[in-house]
Amino acid sequence: MIEILNGIKETIQYEDVSKLRMYHNIDYEDYPQHWHVGIEVIMPINNWYEVIVGHDCHHLDEDEIIFINSGVIHSLKAPPTGERIILQFDLSLLYNLKEFDTTLFMLPPALKLTKDTHPDIYRQILSQMKSIITEYDGENALKEAAIYSSLIQIYVTLCRKEVYDQEKFSNANTSKQHEYIEKLLQTCDYINKNFSENLTLDDVAEKAGFSKFHFTRLFKQFTNMTFHNYLNQRRIMKAETLLMDTNLSILEVALNSGFNSTSTFNRIFKNAKNCSPNEFRKQRLNNGMDVYDEYYT
């Protein structure tokens with residue numbers, strides 16, 4: 001299944017000019033820790049499958065689905081017999097659409113979807129997954145467009161439930177809920193585009209049109225993290241990418257990611273990833289042992 005593996009980084013081989021690939025995996029083979037830039041969706045269609053992310057083992061039964069975010073280190077365990085769908089696609093399929101940059105960032109590294117965990121949306125997403133399988137295996141005209149359409153619908157449904165559920169602001173009326181969501185989406189988009197600048201809580205709150213204290217409360221309700229944690233996570237995501245370039249020094253990575261010193265960068269990075277930037281670089285470029293992608297708030 002893994003065709004190109006350098007250290008623990010998998011380079012996904014998409015088909016032709018397409019930015020996605022899907023296959024029916026029947027291998028009785030476990031796959032060691034690895035990561036890739038693309039998003040991965042796994043669904044067993046016969047027997048079980050297991051996805052290990054950090055210390056969490058996600059056991060999947062038939063028709064249960066797991067979404068693995070970009071850059072997440074994971075390993076896979078297969079039963080002696082069985083079959084599962086493995087779908088991988090390029091981030092640009094979603095990132096180029098308004099709001100998805102913020103949305104994907106706010107999803108956890110791995111999200112398991114079952115009829116028990118998500119009873120209100122599971123059947124809808126399962127139906128979309130089966131449509132993708134039918135289109136991919138068939139020869140219908142515009143099948144790639146049909147697959148893209150289903151993928152977008154899956155993530156719209158999933159993210160509306162996981163990220164934009166209006167119960168986050170249950171004390172406000174419907175009109176006010178929409179206003180909060182719209183303003184906070186604009187704020188997150190602003191942070192995403194300007195995280196390398198010297199952003200402060202006061203400045204961002206003012207730009208959003210709230211007092212600092214009101215903004216702090218709303219932002220935490222909306223993103224499940226503080227403003228500073230959100231900002232630092234965006235900076236760390238950028239730093240992770242830059243650390244793959246061995247021509248850049250740790251200082252250059254820190255400054256280009258929005259940190260004003262290596263000491264601050266080292267401290268915040270280690271708190272988030274449980275390793276220093278140097279250790280992260282070595283682990284990602286080599287064997288990746290004992291590295292875990294932690295999702296923190």
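These are my notebook entries on the folds and packing in this predicted model.

**Ground rules**

I number residues from 1 along each chain as its sequence is written, and I leave out hydrogens and water, with side-chain values taken on heavy atoms. Since the model is predicted, local features need pLDDT of at least 70 and side-chain atom pairs count only at pLDDT 80 or more, while totals for chains, interfaces and linings use all residues.

**Overall look**

I looked up the inventory first. The chain has 11 helices and 11 strands; helices (H or I, at least four residues) and strands (E, at least two) are DSSP runs, numbered from the N terminus. Along the principal axes, the C-alpha atoms fill a box of roughly 55 × 50 × 35 Å.

**Five-stranded sheet**

I traced an open sheet of five strands in the order β3-β10-β5-β8-β11, with antiparallel pairing. Two strands count as paired if DSSP finds at least two bridges between them. β3 (20-25) and β11 (110-113) are the edges; each has a single partner strand, so one side of each is left without a neighbour in the sheet. The twist from one strand to the next averages 15°. For angles in these notes, axes are lines fitted to C-alpha atoms, for helices over the stretch in contact, and angles run from 0 to 180 degrees between N-to-C directions.

Strand β8 (residues 65-68) and β11 run antiparallel and are joined by four bridges. Which residue in β11 is the bridge partner of Ile68? I found Ala110 there.

Helix α3 (residues 122-137) lies across β3, β5 (39-46), β8, β10 (83-89) and β11, and runs at about 95° to β3. Contact here means heavy atoms within 4.5 Å.

**Four-stranded sheet**

I found another open sheet, of four strands in the order β4-β9-β6-β7, again with antiparallel pairing. Its edge strands, β4 (31-34) and β7 (56-60), each pair on one side only. Neighbouring strands are turned by 20° against each other on average, direction ignored. β4 pairs with strand β9 (residues 74-77) in the antiparallel sense over two bridges. I noted His34 opposite His74 in β9.

**Helices around α8**

For α5 (residues 174-194) and α8 (residues 227-243), I got an angle of about 40° and axes 9 Å apart. That makes α5 oblique to α8; angles under 35 degrees count as roughly parallel, over 145 as roughly antiparallel, 65 to 115 as roughly perpendicular and the rest as oblique. α5 passes α8 in a right-handed crossing (left-handed if the near helix is turned anticlockwise from the far one by less than a right angle, right-handed if clockwise). Cys188, Ile191 and Asn192 in α5 meet Phe227, Tyr230, Leu231 and Arg234 in α8. By class, I count five nonpolar, one polar and one charged residues in that contact. Ala, Val, Leu, Ile, Met, Phe, Trp, Tyr, Cys and Pro count as nonpolar, Asp, Glu, Lys and Arg as charged, and the others, Gly among them, as polar.

Next came α10 (residues 262-273), which packs on α8 at about 95°, with axes 11 Å apart. α8 and α10 are therefore roughly perpendicular to each other. From α8, Asn232, Ile236, Ala239, Glu240 and Leu243 meet Phe265, Ile268, Phe269, Ala272 and Lys273 of α10. This contact has seven nonpolar, one polar and two charged residues.

Last, I looked at α11 (residues 277-285), whose packing angle with α8 is about 55°, with axes 10 Å apart. That makes α8 oblique to α11. α8 passes α11 in a right-handed crossing. Glu240, Leu242 and Leu243 of α8 and Pro277, Phe280 and Arg281 of α11 make the contact.
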